[in-house]
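Please keep the sequence and the coordinates at hand while reading.

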Amino acid sequence: MSHAIISLQDIRFAYGKRTILDSISLDFTPGSFSVIAGESGSGKSTLLYILGGFLKPDSGTYLFNGKPVYSRFGEFGLGRFRKNNIGFLFQDFRLLPFLTVEQNIRFPSLFSGAALDKTRLAERMQRLGIAHRAKAYPNSISGGEAQRTGLARALLMDPPVLLLDEPTGNLDGATETAIVSVLEELRKEGLTLICISHSEYIMKRADRVLRLSNGKLSDRTSGAPKRRRKSAGAEA
Amino acid sequence: MNLIRFVLRRLYLIAFIARKHFLRNALSSIGLFLSLLVVITILGVLDPIKKMIRSKMESSLPPQTLRLVPDLSVVGKGNTSWGMFRKEQDILMHINSRMIERAKNWGQPGDVRSVTATQLLQQPAIGRFEDPILSQLGFSFDLVLQGVPQKMFRPLMRCKVPYAGTKAQEKGKEIDEIPVLVPESYLEIMYAYAMINGLPNISAQSLIGLRLRALLGQSIVGTKWSVTEDVLLVVCGFSPPGVVSALGVPLEWVQKKHRERGQMKALNSFDQLFVEIASEKVLPRILSAAKAERLRVPEQSKKFDSILKSLEKLDWIFMVVAVILGALAAIALANSFALLAVQNRYEFGLYLVFGSSMLFLWFLLAIEGALWGFIHSALAIVLSEPALRLLQQHLADLPWLTKLSTADLSELKLELSTAQRAMIYAAAISISALASLIPGAIVLGRRTLSLVKKD
């Protein structure tokens, strides 16, 4: 059994009197593909943003590679934590409309102290099938291309964990299939994927599906058994 | 290298964030520029004028130098003689060389450092300008010449005529040509005369080197002594109030004239005493000794009191306007930045996702605000330079400066000091940085999640 990259222990979060997450304990192993599902307001986004280092839980421990995140880092440290460890892919792509596809992808490097590896960038764009749209602006590309651009941007700094917030919610079936196959390839390279999704297709491709209801992990439905066995998956 | 790259990227980010709001922020912060212009007017124009007036009111005497004059209210009291109505009224000027010697020992030993005195030339005199325009108009006036010791005279001299004077040839005759210090009150009269007669404005600077002809032994009212004499007086400088009260000429020349005419009382009679004291501590002792000698310290000039008060009122009005404009600018800027933060919260959210901290976002807002403060203060200071220069050139033409323009306005420098510039930059940068940071931080800081999470 491999060492967990992310470990949540007894995480609680509430907005006022309303409990959003109630005693959540979870582990995610490197290279696992987990889907968080649940009804609207079930706390899945809150969980994702806690994992992303945006939202400090009211109680509990969040360990990343064995090190506590929120108690260890200050405001600057959380920024550095996100920059070095977390990639984020949004449902609505969140591309900056005044930047070209390539500029959008390069944008996170502004926050990095390291020089941008241009060859790597070109390779990744090529691999994601957006190299030919490098000079195009977001309003002139398709939804699939926009999401692949968002994906390339999220992966630019080579984070070990990628958080996805309904990544295919705005895409058609064919595009969804293409995006998911790219994600699967990335997972094979060791990238840990944690995804909020209602898509049956994605759930089937995931190692496991975590169902959140009223702030509790009420159900755990496994995704593709073969893959789950192969990658050891995430453990709750 | 990494540091340079880091700084360059941060600068790019600042420009990147500012790009969309440039025009709006420029307009929002325009009030800051206007406010700074008002502040610059206060600091660059009103302050130098006020400073000049104050220095005039306080006179230009060196520090710790007392000016003493005979106390005319007590002179002659109980004196039944009719001597004070004699033509030679030197009895009123009872400061003599014996008193000067006594004054050196006033108080305790070492209290008095030096004693000097001025002497009025006790001869009537008519003055005429040698200037072609002024002389054609027949402008002439009674002159009172006052002998000023070299020690006080020299620092005020601005011409090349020697203190002792020279001889000028005129119609085969040699006449004295001596330097003269013109009191500012005379300048006022000349200025008014030029204005009434539609002549070009007389500025103090243009008078330097101008010759006055003094007809000694005559007066406008018709007095004429048996022996008259012409003297050329070269305007050599200006005497501030509190030093010379008439036309200042070399003391030695005045004494020579008294000797030539056998005016021995006049030769030993002085109108003002200047006593340099060791420190302010000895002042009560010296004043007491002076009072015993029937001398008093004349009140400082109140001539500019009303102007100073008006300027101070103007200063207050300007200050209030500057504060109101500054506050409005800060509100406008704060509003603009709050709007900026709301409109671009997802963009800011992206910055957070890509590794920025909330503090860094605040820093970006503060930097952009500070940048506006810097731009406006730099712009205001740069634009104020030619404006102040232009104002300096036309100072004498400004109607509200009429009274002052008779003084030597070349002394007046309309400019901002380095400290004032630094203060303007610091104040503008701080105000606009805070005005942008506070609302931006409030909007962004409510919940980090709201920046990232979709509605």
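Is A:Asn65 buried, partly exposed or exposed? With a relative accessible area of 43%, A:Asn65 is partly exposed; buried stands for under 20% relative accessible area, exposed for over 50%, and partly exposed for what lies in between, with a 1.4 Å probe and protein chains only. The model is predicted, so local features need pLDDT of at least 70 and side-chain atom pairs count only at pLDDT 80 or more, whereas totals for chains, interfaces and linings use all residues. Residues are numbered from 1 along each chain as its sequence is written, chains are lettered from A and ligands numbered from 1 in the order in which they are written, and side-chain values use heavy atoms, with hydrogens and water left out.

A:Asn65 sits in the loop between strand E4 (59-64) and strand E5 (67-68) of chain A; helices (H or I, at least four residues) and strands (E, at least two) are DSSP runs, numbered from the N terminus. Its phi is positive, near 50°, although the residue is not glycine. Most residues other than glycine have a negative phi. B:Arg294 belongs to the loop between helix H11 (283-292) and strand E12 (295-296) of chain B, and is partly exposed, with a relative accessible area of 38%.

Consider next chain A as a whole. Its elements are eight helices and ten strands, and 57% of its 236 residues count as buried. Contact means heavy atoms within 4.5 Å; of the contacts in chain A with a separation of 6 or more, 70% are between residues 24 or more positions apart. The chain exposes about 10000 Å², and carbon and sulfur atoms supply 48% of this area, where accessible areas come from the Shrake-Rupley method with a 1.4 Å probe and, for residues, only the protein chains shown count as cover.

Within chain A, helix H1 (residues 44-51) is largely enclosed by the rest of the structure, because eight of its eight residues are buried. Among them are A:Leu47, A:Leu48, A:Ile50 and A:Leu51, together with A:Lys44. A:Gly53, with a positive phi near 85°, follows H1(A).

Chain B has 17 helices and twelve strands. Of its 455 residues, 51% are buried, and its accessible surface of about 22300 Å² belongs for 63% to carbon and sulfur atoms. Where contacts in chain B join residues at least 6 apart in sequence, 82% of them link residues at least 24 apart. B:Ile40 is part of helix H3 (residues 30-57) of chain B and is buried, with a relative accessible area of 3%. Leaving aside residues up to four places away in sequence, B:Ile40 touches B:Val45, B:Ala380, B:Ile381, B:Ser384, B:Leu416 and B:Ile424.

How do the two chains meet? The contact involves 32 residues from chain A and 29 residues from chain B. The area buried between them is about 2800 Å², with 67% given by carbon and sulfur atoms; buried area is the accessible area (1.4 Å probe) that two parts lose on being put together, summed over both. On the side of chain A, A:Arg94, A:Leu110 and A:Phe111 supply 25% of the area that this chain buries against chain B, more than any other three residues.

A cavity is a set of points on a 1 Å grid over the protein atoms alone where a 1.4 Å probe fits but cannot get out, and lining residues have an atom within 4 Å of a point. Grid points are joined across faces, edges and corners, and a volume is the space filled by probe spheres set on the points. The structure holds four cavities of 30 Å³ or more. The largest cavity has a volume of about 80 Å³, and 13 residues line it, with A:Ile86, A:Ala154, A:Met157, B:Val353 and B:Phe354 nearest its centre. Helix H2 (75-85), strand E6 (86-89) and helix H5 (143-155) of chain A are the elements that give two or more residues to this lining, and E6(A) gives the most, with three residues.

By class, the lining of the largest cavity has nine nonpolar, one polar and three charged residues; Ala, Val, Leu, Ile, Met, Phe, Trp, Tyr, Cys and Pro count as nonpolar, Asp, Glu, Lys and Arg as charged, and the others, Gly among them, as polar. The second largest cavity contains about 50 Å³ of space. Its lining consists of eight nonpolar residues, with no polar and no charged ones, including B:Phe129, B:Tyr186, B:Met190 and B:Val235.

Key:
On a 1 Å grid over the protein atoms alone, a cavity is a set of points where a 1.4 Å probe fits but cannot get out, and a pocket is an open set with protein on both sides within 12 Å along at least five of seven lines; lining residues have an atom within 4 Å of a point.
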